[in-house]
Amino acid sequence: MYRDDTCAVCGDSLPPDHFYCRQHAATVDERLHEIGELLGRALEDLPRLATLLGEVAQETWDYLAEGEADAPEWPPVPPVELRAHADEVDVDVDTEPGRVRLSVMAGLPPLLAALAAGLDAADVGRLARACSAAQGTNATH
Ligand SMILES: [Zn+2]
């Protein structure tokens, strides 16, 4: 049976039953090691980041935003768009009125790519820079 195999990295056409071109076959270990390091970091960093973001008062976000030339609405709300099969998406009524619970089964590459694109579109990098440079935000009221 004819199969059009392509390299998982560069997409070059390959002979049947090959997964990578010669160049990218030589670096599979390196890519897996980098994935291990980055995923491990993400598993530690994401829950902590979510907790910290939830511990900032709106007034503090406003104070940071006032330091920007265009006074953006902070914290930004990243638009996350994810392509999924209709069978893999479920929308349910949440216990909190007016809210729904969205469940999506997605692979790691599309899930993380959608998150990264949303963070980029919302210019979260600028918020990160403002947070890093923040001073005088210790007000208690
Ligand atoms: Zn390749």
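This is a predicted model: local features need pLDDT of at least 70, side-chain atom pairs count only at pLDDT 80 or more; totals for chains, interfaces and linings use all residues.
Which residue in E4 does Asp92 stand opposite? The legends below get to that pair after a look at the whole chain.

View 1. Residues are numbered from 1 along each chain as its sequence is written. You'll find five helices and four strands here; helices (H or I, at least four residues) and strands (E, at least two) are DSSP runs, numbered from the N terminus. Read from the N terminus on, the order is β-β-α-α-α-β-β-α-α. The protein is more spread out than a compact globule, because its radius of gyration (taken over C-alpha atoms) is 21 Å, well over the 14 Å that the globule rule gives for 141 residues. That rule is 2.2 Å times the number of residues to the power 0.38. Along its principal axes, the C-alpha trace spans about 70 × 40 × 30 Å.

View 2. Strand E4 covers residues 100-104 and runs antiparallel to E3, with five bridges joining the two; strands pair if DSSP finds at least two bridges between them. Back to the opening question: Asp92 has Arg101 of E4 standing opposite. Six residues sit between the strands of this hairpin, and Gly98 in the turn has a positive phi of about 80 degrees. E3 has five residues and the number buried is zero, so the strand lies largely in the open. Buried means 20 or more other C-beta atoms within 10 Å of a residue's own, exposed means 12 or fewer, and partly exposed is in between, with C-beta atoms placed from the backbone. Across the protein, buried residues make up 2% of the 141.

**View 3. The loop between H3 and E3.** Look for the cis peptide bond from Trp74 to Pro75, with omega near 0 degrees. Ala71 lies in the loop between H3 and E3 too. Its phi is near 40 degrees, a positive value in a residue other than glycine. Ala71 counts as exposed, with 10 C-beta neighbours inside 10 Å.

View 4. Asp17 counts as exposed because it has 7 C-beta neighbours inside 10 Å.
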